[in-house]
Amino acid sequence: MQGTEHWTLKQGVRLFLWRKAPAAKPVGTILFVHGSSMASQPTFDLEVPGRPHSSAMEWFAARGYDTWCMDNEGYGRSDKSRPINCDIANGAQDLAAGSEYILRTAGVQKLLVYGISSGALKAALFAERHPERVARLALDAFVWTGAGSPTLAERRKRLPEFQSTNRRPIDRAFVRSIFERDHPGTADEATVEAFADAILALDDSVPTGTYVDMCSKLPLVDPAKLTVPAIVMRGEHDGIAGFDDLVELFKRLPNPDKQFAVMAGISHASFQQKNYLTVYHLLHAFFAQPEPVYRG
């Protein structure tokens, strides 16, 4: 399936967007939001030989969705020139600019938004600020207060290092560590290698801002202000998203149109796991769910 590249501006900063659209009139428009250590196309439009439906964008486009992703400032093909660490708040500003472009270009009123890890934090903060643009919100590998997260506990030991620079280097060993730190075996070797190839083709370093925020500034999101329909998705073996932490957040979500899903056999990078079709199924069911007829 052919994609098309798009560009928009945020206060003079060029932001890259990537679109894969269905052949017929769309049933909805999805914005996918990437995490801390990779750009958007490797995450959401990954091709792996012998792995059917490896591209989430193509899988959803085949089911009638107009699919978009964008590189946050400091990542991939978006601008990397400003001397800032591109934190969560900056990423939410990117989504505000990107969503405005998508709504105008696609001619729709609202978006279905999926974010993973720090991308879920950016998506949630964006939804707090612009609920009128969000039809449904999916938060995967989300962190609220950070309680019960062994990965963040380890990462905090390096907080002074992350605070001392705007960017941190990444390499193949680092990408592999994403799949080895929680529960080795949840992703197959070919997918991990293809993911690393795609990430490193675009970046050899990434911003530190999301790491600094997740290690020292949580909570960044007030669940009481997340008024849109939402699903909280957590991999069974995820070392970032503490289960009890997410349950407490879920209790505080005010919209009764909400779901909590635990994904069996999955660790952190859910679209690159062996059980990725489970993730697609859950997300598709939530995005395709009809609006309630009766609310009481």
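Which residues have the most contacts inside the largest nonpolar core?

Modeller: First, the ground rules. This is a predicted model, where local features need pLDDT of at least 70, side-chain atom pairs count only at pLDDT 80 or more, and totals for chains, interfaces and linings use all residues. Residues are numbered from 1 along each chain as its sequence is written, and side-chain values use heavy atoms, with hydrogens and water left out.

Now the core. Leu31, Val113, Leu137, Phe142 and Leu226 have the most contacts inside the largest nonpolar core, which has 44 residues. A nonpolar core here is a set of buried Ala, Val, Leu, Ile, Met, Phe, Trp, Tyr and Cys residues joined through side-chain atoms within 4.5 Å. Buried means under 20% relative accessible area, exposed over 50%, and partly exposed in between, with a 1.4 Å probe and protein chains only. Helix α3 (residues 88–106) gives the largest share of this core, 8 residues. Helices (H or I, at least four residues) and strands (E, at least two) are DSSP runs, numbered from the N terminus. Another core lies apart from it, with 28 residues, including Trp18 and Phe271.

Take Val113. Leaving out residues up to four places away in sequence, Val113 touches Leu31, Val33, Ala123, Phe126, Val134, Arg136, Leu137, Ala138 and Phe287. Contact means heavy atoms within 4.5 Å.

β3 runs parallel to strand β4 (residues 65–70), joined by 5 bridges. Strands pair if DSSP finds at least two bridges between them. Gly28 stands opposite Tyr65 in β4. β3 also runs parallel to strand β5 (residues 111–116), with 4 bridges. There, Ile30 stands opposite Leu112.

Next comes helix α4 (residues 118–129), with 11 of its 12 residues buried. Its cover includes β3, α3, β5, β6 (134–140) and α9 (209–216). The axes of α3 and α4 come within 8 Å and cross at roughly 60°. Axes are lines fitted to C-alpha atoms, for helices over the stretch in contact, and angles run from 0 to 180 degrees between N-to-C directions. Among the residues making this contact are Ile88, Ala92 and Leu95 of α3, and Leu121, Leu125 and Phe126 of α4.
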